[in-house]
Amino acid sequence: MEPDFRRSMQWLHTWTGVVLGSILFAVFWMGTLSVFDREIDLWMKPETRLPLTSHPLSFDSVRASLNDAIASKAIFWNAVMPDDRQPYIETHYRAGKKMVSQVINPDTGQILPQTGTLGATGFFFPFHYTLELQFMHLGEWLVGLASVAMLVLCMTGVIIHRKIFAEFFTFRPQKRPGRLLLDLHNLTGVLGLPFHIILTFSGLLILGSTFFPAGIEAVYKNPRDYFYDANGLSFFPVKPGKPGAPVVSLDMAAAQASALWGKADPHMVLVVNPGQTTGRIAFFHSTEKQVTSDRDVIAFDATTGQLVSHAPLPGPALKTQRFLSGLHLIQFHHWGLRWLYFISGSGSCVLIATGFLFWMEARQKKQSASPGFRLVKGITLGSVAGIIISTLAFFIINRILPADAQYYGLTRSALEVRGFYLVWLITFLQGGLWPKRAWMLQVSAISVLALCAVLLNWLTTSDHLLHTLSHRYLWPVAGMDSMLLFTSFMAFFAARRLSRRARNEIHSKPLVAV
């Protein structure tokens with residue numbers, strides 16, 4: 001640490017970013033993509049590209065799926081109704097260790113064939129807060145550590161930059177690379193400072209039960225009871241009952257829930273112990289018109305249809321927790337705010353990447369031959385450009401693999417995920433073993449892969465950009481293709497600039513007389 005306070009903060013800012021910047025970039029990158037996770041799902045699951053239904057929907061229209069769950073002695077069954085982001089009905093039930101999912105056309109009741117992909121909701125979103133490291137919640141702990149580091153970086157960044165508001169209006173793209181990177185770093189840091197702090201703090205709050213279990217264990221004998229109370233599931237736990245009990249009309253129960261809510265329609269129904277005497281039907285209020293993540297759950301006896309419980313009004317602490325959770329999870333349907341989240345999240349990625357690159361640029365001449373510098377350079381390359389390349393490869397693999405693809409016992413979705421990690425590993429190896437012009441090569445790969453993803457979507461589904469723009473229900477697919485084309489365009493010009501810089505460095509080296 002430096003003897004001067006401001007220099008000490010600069011030291012802390014630098015090394016916190018260098019050590020944990022890779023995890024931070026992965027978290028913010030996947031979180032930014034998750035803002036449009038359902039729209040990405042529509043791109044990756046062509047069979048779900050359906051026109052939005054205009055007529056009222058019946059919960060009993062998916063009764064056949066519930067009957068299948070009863071016949072399979074399922075523990076639970078649920079159905080999610082369509083909305084303006086999801087044009088299909090989705091049902092799930094668990095029978096033993098097996099999870100069965102169905103996608104249903106709301107207009108015809110037909111069960112749609114599934115591509116067999118996790119998509120963004122099944123891969124990007126959980127990766128955002130678990131890093132896909134489930135052992136002893138290791139991924140959540142690493143994300144928590146990185147989140148605390150982000151708050152430290154925000155605090156120390158404000159202390160370091162005494163002229164923070166003047167630097168906000170300073171951007172010099174024609175200056176030397178180091179100056180350009182620092183200007184971009186300052187600009188995205190100051191502009192997105194409230195976003196960085198609020199989203200990071202709310203993310204820590206959501207995972208608070210993992211980081212601070214002692215307080216929960218002091219109040220609840222079973223941690224699951226805390227989960228039930230926090231989410232308004234007061235009718236849990238439900239003990240197993242005798243089989244053979246009928247399940248009342250879902251529409252009749254839904255009408256009662258709607259009346260209690262003041263004529264608001266349920267968005268999701270959950271049936272616990274379906275076909276058993278202890279069965280429960282729970283309806284969840286939609287959160288598309290509110291920020292607070294409060295589903296206002298109402299539960300009925302599945303056999304008699306009598307009201308069992310209505311989640312009580314939350315207290316101040318729980319209300320605050322649900323508001324911050326809703327602010328982070330952005331389940332409300334406001335397209336302007338959703339795009340603001342996406343742009344702010346992209347700015348966070350730029351902030352982290354430019355911090356890495358500025359650190360390397362400042363040490364390029366003096367430390368380029370040191371093992372530590374080469375290690376950080378390789379990690380940075382794989383963490384920034386590499387994860388973008390592997391994400392694009394994930395999209396391409398999705399479009400290439402046939403629906404029934406299997407290899408050595410791996411399902412299609414597993415093959416997509418393995419392909420993601422394999423490509424990501426290759427980018428790290430390329431950065432560490434062949435660092436010369438590595439940035440130019442990987443940025444060029446981003447440009448090519450993004451363009452290939454757009455072309456493959458066209459070739460495999462016939463939904464080219466002009467076609468998707470002309471149909472309202474295909475606008476999410478058009479948005480996905482447009483962002484891929486924009487990524488390809490930006491990466492192309494970045495690669496050209498890197499190539500030009502490499503040529504200038506070669507020509508500027510003095511000739512050695514032989």
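Tutor: Because the model is predicted, local features need pLDDT of at least 70 and side-chain atom pairs count only at pLDDT 80 or more, while totals for chains, interfaces and linings use all residues. Residues are numbered from 1 along each chain as its sequence is written, and side-chain values use heavy atoms, with hydrogens and water left out.

Student: What radius of gyration does the protein have, and what would a compact globule have?

Tutor: The radius is taken over C-alpha atoms, and the globule rule is 2.2 Å times the number of residues to the power 0.38. Along its principal axes the C-alpha trace spans about 95 × 55 × 45 Å. For 514 residues the rule gives a value near 24 Å, which agrees with the 26 Å of the protein.

Student: How many helices and strands does the protein have?

Tutor: Helices (H or I, at least four residues) and strands (E, at least two) are DSSP runs, numbered from the N terminus. The protein has 19 helices and 7 strands.

Student: What percentage of the residues is buried?

Tutor: Buried means under 20% relative accessible area, exposed over 50%, and partly exposed in between, with a 1.4 Å probe and protein chains only. Of the 514 residues, the buried ones make up 48%.

Student: Why is strand β2 described as largely enclosed by the rest of the structure?

Tutor: Strand β2 covers residues 89-95. It is largely enclosed because the buried residues number 6 of the 7.

Student: Which strands are joined to β2 by bridges?

Tutor: Two strands pair if DSSP finds at least two bridges between them. Strand β1 (residues 76-80) runs antiparallel to β2 with 5 bridges, and the partner of Asn-78 in β2 is His-92. Strand β3 (residues 98-104) is also antiparallel to β2, with 7 bridges, and Tyr-93 stands opposite Val-100 in β3. The strands joined to β2 are β1 and β3.

Student: Which residue takes a positive phi in the hairpin of β2 and β3?

Tutor: The hairpin has 2 residues between its strands. The residue with a positive phi, near 70°, is Gly-96.

Student: What kind of aromatic pair do Phe-59 and Phe-283 form?

Tutor: Rings of Phe, Tyr and Trp (its six-membered ring) pair if their centres lie within 6.5 Å; planes under 30 degrees apart count as stacked, over 60 as edge-to-face and the rest as tilted. The structure holds 33 aromatic pairs. In this one the centres are 5.5 Å apart and the planes lie at 75°, so the pair is edge-to-face.

Student: Where in the chain do Phe-59 and Phe-283 lie?

Tutor: Both residues are buried, and they are 224 residues apart in the chain. Phe-59 is in the loop between α2 (37-44) and α3 (63-71), and Phe-283 is in strand β5 (residues 280-285).

Student: Is Val-454 buried or exposed, and which residues is Val-454 in contact with?

Tutor: Val-454 lies in helix α17 (residues 438-461) and counts as buried because its relative accessibility is 11%. Contact means heavy atoms within 4.5 Å. Leaving aside neighbours within four places in sequence, the contacts of Val-454 are Asp-481, Leu-484 and Leu-485.

Student: How many disulfides does the structure hold?

Tutor: A disulfide is a pair of cysteine sulfur atoms within 2.5 Å. The total for the structure is 0. Cys-154 is in no disulfide, and the nearest cysteine sulfur, that of Cys-349, is at a distance of 14 Å.
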